[in-house]
Amino acid sequence: MNISDIRIRRVMQDGRLKAVVSMTVDNAIAVHDIKIVQGDERVFVAMPSRRDETGIFRDIIHPISPEARGEIEASIISAYERYVSDREAGSF
């Protein structure tokens, strides 16, 4: 898997939701509405989800292996941290 692009679509200042991200894989598949969330102990990535008929939220797309999840999460959080750092430094 090659994560070819990560775009920070929206950044939030208040609340636990920190950003909404889009990711492109292998220059072929785009995944939108990935969320960066501030958890109790760390920032984590939440995949796009939808509420089913019973009211439970289920991921629409998700990594199958822990290794793939780790690679995706590390790449997205790194891109988010660079974006925030650049913004604070006035690079935008």
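**Close-up views of the predicted model**

**View 1. The salt bridge between Asp52 and Arg58.** Arg58 counts as partly exposed, at 49% relative accessibility. The structure shown here and in the following views is a predicted model. The partner of Arg58 in this salt bridge is Asp52, and the closest N and O atoms of the two residues are 2.8 Å apart. Asp52 counts as buried, with a relative accessibility of 18%, because the limit for a buried residue is under 20%.

**View 2. The salt bridge between Glu73 and Arg42.** The side chains of these two residues meet with an N to O distance of 2.7 Å. Distant parts of the chain are linked by this pair, since Glu73 lies in helix α1 and Arg42 in the loop between β3 and β4 (43-46), 31 residues apart. Glu73 is buried, its relative accessible area being 17%, whereas Arg42 is partly exposed at 47% relative accessibility.

**View 3. The salt bridge between Asp5 and Arg7.** An N to O distance of 2.5 Å separates the side chains of Asp5 and Arg7 where they meet. Asp5 is partly exposed, at 26% relative accessibility. Arg7 is also partly exposed, and its relative accessible area is 48%.

**View 4. The open sheet of four strands.** The strands follow the order β1-β2-β3-β4, and their pairing is antiparallel. The edges of the sheet are formed by β1 and β4; each has a single partner strand, so one side of each is left without a neighbour in the sheet. From one strand to the next, the twist averages 30°. In general, the strands of a sheet pair through backbone hydrogen bonds. Between the antiparallel strands β2 and β3 there are seven bridges. Ile29 in β3 is the bridge partner of Val25. Helix α1 packs on the sheet and touches β1, β2, β3 and β4. The direction of α1 makes about 50° with that of β1.

**View 5. The largest nonpolar core.** This core has 15 residues. The residues with the most contacts inside it are Val21, Met23, Ile34, Ile36, Ile72 and Ile76. At least two residues of the core come from each of β1 (3-11), β2 (17-25), β3 (29-38) and α1 (66-88). Which residues does Ile34 touch, not counting residues up to four places away in sequence? On that basis, Ile34 touches Ala19, Val20, Val21 and Met23, together with Val45, Ala46, Met47, Pro48 and Ile76. Two of these contacts, Val21 and Met23, are also named with Ile34 among the residues with the most contacts inside the core.

View 6. Gln38 is partly exposed, with 29% relative accessibility. When residues up to four places away in sequence are not counted, Gln38 touches Arg16, Lys18 and Val43. Ala68 is 30 residues from Gln38 in sequence, and the two lie 21 Å apart in space, C-alpha to C-alpha.

Note on methods:
Residues numbered from 1 in each chain as written. Predicted model: local features only at pLDDT ≥ 70, side-chain atom pairs only at ≥ 80, totals over all residues. Heavy atoms only, no water. Core = buried A, V, L, I, M, F, W, Y, C linked by side-chain atoms within 4.5 Å. Buried < 20%, exposed > 50% of the residue type's maximum accessible area, 1.4 Å probe, protein only. Contact = heavy atoms within 4.5 Å. Salt bridge = Lys/Arg side-chain N within 4 Å of Asp/Glu carboxyl O. Pairing = 2+ DSSP bridges. Axes fitted to C-alpha atoms, helices over the stretch in contact; angles between N-to-C directions.
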